[in-house]
Amino acid sequence: MFDKILIANRGEIALRVARTCREMGVPTVAVYSAADHDSAVVEFADEAVRIGPAAAKRSYLDAAAILAAAEITGADAIHPGYGFLSESPDFADACRAAGVTLIGPPADVMAELGDKQSARTLMAKAGLPLLPGSLDALEFDEAQALADRIGYPVIIKAVAGGGGRGMAVVHDGAEFARAYRDTRATARMLFGDSRVYVERYLDRARHVEVQVLCDSFGAGVHLGERDCSVQRRHQKLVEESPAPRLPDGLAARIGRSAVDGVLAAGYTGAGTVEFLLDSAGNYYFMEVNCRIQVEHPVTEMVTGIDLVAEQIRIAAGEPLAWTQDRIQPKGAAIECRINAENPAAGFAPTPARISEFTAPGGPFTRVDTHIRAGYSVPPDYDSLLAKVIVWAPDRDAAIARMNRALAEFRVGGERLCTTREFLLDVLDQPKFRAGTHTTALVEEMFEGTAPE
């Protein structure tokens with residue numbers, strides 16, 4: 001086991017990782033920017049090192065500063081959380097060169113799966129189904145010809161994209177040129193890589209992902225699936241496990257496909273394989289996330305497995321403690337993300353000082369958060385304030401429990417808006433309650449067409 005783990009992140013995920021490390025008896029180092037000097041993880045960790053000003057590029061994205069902090073404190077491993085440097089092959093290479101273990105897959109695997117073009121090619125070879133589209137990055141003439149051939153709507157995606165960014169849906173040929181140009185420009189700005197590809201767009205699809213764990217000895221398992229179809233701007237708001245109303249046997253087939261795909265890539269650690277499902281029950285590979293996910297507590301609640309602890313053990317060279325037959329998810333779990341955003345203003349962020357905060361309690365209710373009364377939400381980072389996660393023996397009971405938990409949740413501050421009320425509205429939608437909702441649910445709600 002590692003002597004000391006540096007947590008190269010902030011907010012709720014940094015605190016969540018630190019808590020597991022303490023349970024495992026591993027000392028931790030928190031790194032923080034000027035904006036996070038009084039954050040919860042700084043107080044909780046055994047040591048803390050300031051790595052730069054508030055701007056992420058000069059702090060949480062500064063690989064040299066993070067590795068210097070590891071050297072100064074004697075940390076022999078780094079947990080990157082999600083976001084920031086968690087899926088950076090260059091950072092993984094830099095950690096290896098510095099003699100520090102990055103808790104995640106090897107740099108070459110991260111690079112192959114982080115590139116949508118190479119990931120799609122690899123998954124196709126492993127037998128995973130793909131939506132009609134290109135395996136290669138396309139110039140404009142090729143891209144439009146392909147779009148015309150496979151039929152609209154199509155989606156233009158950045159090869160290096162992720163997190164719901166760097167993509168555009170095109171509904172007819174007249175829109176294609178502008179969307180292609182804008183997506184390339186966005187990709188260049190966000191990812192430093194303007195390459196894009198085209199694939200068929202599933203309107204009103206379901207977004208289902210599979211949690212996997214793989215060790216360095218060639219063993220891999222899946223821990224069931226999560227439905228993440230409630231989204232705004234292709235970013236998730238509500239996640240649940242198991243995915244409701246899947247055709248018989250489909251969850252098992254998707255799980256096997258996910259494990260086959262990541263083992264073909266030589267994956268190690270915790271990862272997520274994402275799929276789209278159409279109305280006929282067909283599933284299609286989307287992407288692999290080479291890190292812990294925001295929604296990982298949903299899987300932890302139904303399996304009883306601490307995914308961060310498993311990440312750490314695998315990175316330390318231990319074999320998987322689990323075989324597929326031993327993983328038996330029970331009941332249903334739901335996660336709601338409380339963001340500092342105004343849903344009525346297009347989910348615009350509302351950074352503000354928090355004057356009041358009360359977390360819900362009660363049976364089988366978990367709240368992952370870093371906020372407290374008096375905390376100022378900085379404008380420099382993601383707007384996530386807290387994740388409320390509940391478990392119950394079945395989905396209806398889980399929805400009832402989440403309704404109760406969200407009703408108890410209290411967070412206030414001048415000019416602060418959150419997604420709490422909107423999430424209560426989501427839970428009340430007939431399509432959500434019936435488990436027939438798709439990725440179009442939020443759009444339908446704002447169009448005023450009450451889902452049936």
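Modeller: V154 stands opposite R200 in β8. One caution first: the model is predicted. The strands in question are β6 (residues 154–162) and β8, which run antiparallel and are joined by 5 bridges. Strands of a sheet pair through backbone hydrogen bonds, either parallel or antiparallel.

Which strands make up the whole sheet, and in what order? There are 3 of them, in the order β7-β6-β8. The sheet is open, and its pairing is antiparallel. The edges belong to β7 (165–170) and β8 (196–200). Each has a single partner strand, so one side of each is left without a neighbour in the sheet. Neighbouring strands are turned against each other by 25° on average, with direction ignored.

Next, look at what packs on this sheet. Helix α6 (residues 116–125) touches β6 and β8. Its direction makes about 105° with that of β6. Helix α8 lies across β6, β7 and β8. It runs at about 175° to β7.

Helix α8 covers residues 173–191, and helix α7 covers residues 140–150. Their axes come within 11 Å and cross at roughly 145°. The crossing of α7 past α8 is right-handed. Which residues make the contact? From α7 come F140, A143, Q144 and A147. From α8 come G173, F176, A177 and Y180. By class, 6 of these residues are nonpolar, 2 are polar and none is charged.

Now follow the chain between α7 and β6. The loop there holds P153. The peptide bond from Y152 to P153 is cis, with omega near 5°. Most residues other than glycine have a negative phi, and most peptide bonds are trans.

P242 sits in the loop between β11 and α9. R245 has its place in the loop between β11 and α9 too. R245 is not a glycine, yet its phi is positive, about 55°.

S241 also opens the way to another sheet. Its bridge partner in β14 is A333. Strand β11 (residues 235–241) pairs with strand β14 (residues 332–339) over 4 bridges, in the antiparallel sense. Both belong to an open sheet of 8 strands. The order is β13-β12-β9-β10-β11-β14-β19-β18, again with antiparallel pairing. At the edges stand β13 (283–289) and β18 (365–369), and each pairs on one side only. Neighbouring strands here are turned by 25° against each other on average, direction ignored.

Helices pack on this sheet as well. Helix α1 (residues 11–24) touches β18 and β19 (384–392). The direction of α1 makes about 115° with that of β18. Helix α9 (residues 250–264) lies across β9 (206–214), β10 (220–232), β12 (269–277) and β13. It runs at about 50° to β9.

Step back to the domains. The protein is divided into domain 1 (5–103), domain 2 (132–200) and domain 3 (206–448). The centres of domain 1 and domain 2, taken over C-alpha atoms, are separated by 35 Å.

Take helix α3 (residues 63–73) and helix α4 (residues 89–97): their axes come within 11 Å and cross at roughly 30°. That makes α3 roughly parallel to α4. The crossing is right-handed. A63, I66 and L67 in α3 meet F91, A94 and C95 in α4. This contact has 6 nonpolar residues, no polar ones and no charged ones.

The other pair is helix α12 (residues 395–408) with helix α13 (residues 420–428). They pack at an angle of about 160°, with axes 10 Å apart. That makes α12 roughly antiparallel to α13. Here the crossing is left-handed. I399, M402, N403, L406 and A407 of α12 make the contact with R420, L423, L424 and L427 of α13. These residues divide into 7 nonpolar, 1 polar and 1 charged.

Notes
Residues numbered from 1 in each chain as written. Predicted model: local features only at pLDDT ≥ 70, side-chain atom pairs only at ≥ 80, totals over all residues. Heavy atoms only, no water. Axes fitted to C-alpha atoms, helices over the stretch in contact; angles between N-to-C directions. Helix = DSSP H or I, 4+ residues; strand = E, 2+ residues; numbered from the N terminus. Parallel < 35°, antiparallel > 145°, perpendicular 65-115°, else oblique. Left-handed = near helix turned anticlockwise from the far one by under 90°. Contact = heavy atoms within 4.5 Å. Nonpolar A, V, L, I, M, F, W, Y, C, P; charged D, E, K, R; others polar. Pairing = 2+ DSSP bridges. Domains from an automatic or database assignment.
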